[in-house]
Amino acid sequence: MLWKRVFAVLLMLVAAAGLSACRDAGQKVVLSVGGYPVTVEEYTYFYCNYRDRLVSDDVTDEIIRDNVLSALRQKYAAQKLADDRGITLIDEEKKQADSQYDAYAESVGGKDALSERLTENHFTERYFRQTLEDVLLQDKLYDVMTSDYEGDIQADDATVIADVHENFYRIKQIMILHEDGDSLVDNYRLAEKLLERIRAGEDFDTMVVKYNEDTAMDTVNGYYFTSGQILSQVENAAKELAIGEISDVIKSDVGYHIVCRLPLEDEYISSHLEDLRRAYRARVYHERIQATADSFEIKYYDRYAEMTF
């Protein structure tokens with residue numbers, strides 16, 4: 001459960017259809033987000049990827065469009081925060097994006113192979129290059145806002161320690177991992193049986209050592225985390241637990257979880273303060289992104305209603 005950088009999705013949303021029907025009109029603006037224009041090309045990229053990721057009978061066109069709009073709000077919130085601070089990419093940084101493009105091309109067997117891969121994943125070459133620059137700009141914004149010297153997120157020791165006690169949680173978990181070939185029914189039954197044994201009096205820590213399949217977890221200290229840092233299903237369940245309370249079986253995309261909430265320990269906080277400071281800064285950064293995203297006015301143009309997928 002590593003820290004999740006929100007904007008990595010700009011590069012990692014992949015699926016299996018092309019943009020050929022929309023390329024000629026790709027630069028036409030279909031809506032604006034906080035005054036930033038969104039083209040057919042960009043909207044189609046996000047829509048097609050969300051359509052292919054959200055595979056369920058319950059997923060409607062409206063749900064997909066809501067997800068697309070949320071992602072666009074997030075992207076342009078970062079752009080606005082960068083604009084407000086005068087943060088742009090210099091020529092050397094833009095060359096870095098070009099180098100990344102060349103590296104991607106080499107990794108898949110050349111530019112023709114990359115072009116084919118981009119089409120399969122809903123990218124035009126122009127938008128892929130722009131996305132590489134967008135990610136570099138977002139990384140630069142994050143570094144500036146969280147910098148010790150020029151950052152605008154206060155993160156002195158006293159501020160961080162106070163925030164840890166107010167906004168951080170500590171858990172241990174038993175995770176039954178969904179691996180290829182596993183029966184989800186059998187995994188769930190195992191998790192239920194383990195929970196029954198724990199509630200019958202068996203020691204949770206002993207069960208963690210014996211059955212937990214989350215190899216990243218420190219079996220002594222567990223996880224210290226703040227909002228947005230771990231799987232949302234586990235985070236939401238943990239926040240509802242009292243200290244010492246054990247959850248029901250929790251289902252996530254990666255497995256089944258049994259979570260025990262534990263008290264924060266001052267010794268751990270003191271010895272891991274830099275890790276907690278980074279987590280604090282990241283959360284506050286994303287809170288500011290979200291606040292900016294929520295403030296945006298959305299304006300739709302005629303072309304938006306004409307788009308079908």
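Me: In this predicted model, is D163 buried or exposed, and what is its relative accessible area?
Reply: Buried means under 20% relative accessible area. D163 has 11%, so D163 counts as buried.

Me: Which residue does the side chain of D163 meet in a salt bridge?
Reply: The partner is R283, with an N to O distance of 2.8 Å. D163 sits in helix α7 and R283 in helix α12, so the bridge links distant parts of the chain, 120 residues apart. R283 is buried as well, at a relative accessible area of 7%.

Me: How many salt bridges does the model have?
Reply: A salt bridge is a side-chain nitrogen of Lys or Arg within 4 Å of a carboxyl oxygen of Asp or Glu. By this rule there are 24.

Me: Where do K75 and D134 lie, given that K75 forms a salt bridge with D134?
Reply: The closest N and O atoms of K75 and D134 are 3.1 Å apart. K75 belongs to helix α3 (residues 61–84) and D134 to helix α6, so the pair ties together parts that are 59 residues apart in sequence. K75 is buried, with a relative accessible area of 7%, and D134 is buried at 8%.

Me: Which residues are linked with K75 and D134 in a network of salt bridges?
Reply: E42 joins K75 and D134 in that network.

Me: What is the relative accessibility of each partner in the salt bridge of D205 with K172?
Reply: D205 is partly exposed, at 38%, whereas K172 is buried, at 6%. Their closest N and O atoms are 3.1 Å apart. D205 lies in helix α9 (residues 204–211) and K172 in strand β3 (residues 169–177), so this bridge ties together parts that are 33 residues apart in sequence.

Me: At what angle do α6 and α12 pack?
Reply: Helix α6 (residues 125–145) and helix α12 (residues 273–295) pack at about 120°, and their axes are 10 Å apart. That angle makes α6 oblique to α12. The crossing is right-handed.

Me: Which residues make the contact between α6 and α12?
Reply: From α6 they are Q138, L141, Y142 and M145; from α12 they are R278, A282, Y285, R288 and I289. By class, the contact has six nonpolar, one polar and two charged residues.

Me: What is H165 in contact with, leaving aside its neighbours within four places in sequence?
Reply: H165 is in contact with L264, D266 and I269. H165 lies in helix α7 (residues 157–167) and is partly exposed, with a relative accessible area of 43%. Its C-alpha is 11 Å from that of L276, although H165 and L276 are 111 residues apart in sequence.

How values were computed
Residues are numbered from 1 along each chain as its sequence is written. This is a predicted model: local features need pLDDT of at least 70, side-chain atom pairs count only at pLDDT 80 or more; totals for chains, interfaces and linings use all residues. Side-chain values use heavy atoms; hydrogens and water are left out. Axes are lines fitted to C-alpha atoms, for helices over the stretch in contact, and angles run from 0 to 180 degrees between N-to-C directions. Helices (H or I, at least four residues) and strands (E, at least two) are DSSP runs, numbered from the N terminus. Angles under 35 degrees count as roughly parallel, over 145 as roughly antiparallel, 65 to 115 as roughly perpendicular and the rest as oblique. A crossing is left-handed if the near helix is turned anticlockwise from the far one by less than a right angle, and right-handed if clockwise. Contact means heavy atoms within 4.5 Å. Ala, Val, Leu, Ile, Met, Phe, Trp, Tyr, Cys and Pro count as nonpolar, Asp, Glu, Lys and Arg as charged, and the others, Gly among them, as polar. Buried means under 20% relative accessible area, exposed over 50%, partly exposed in between (1.4 Å probe, protein chains only).
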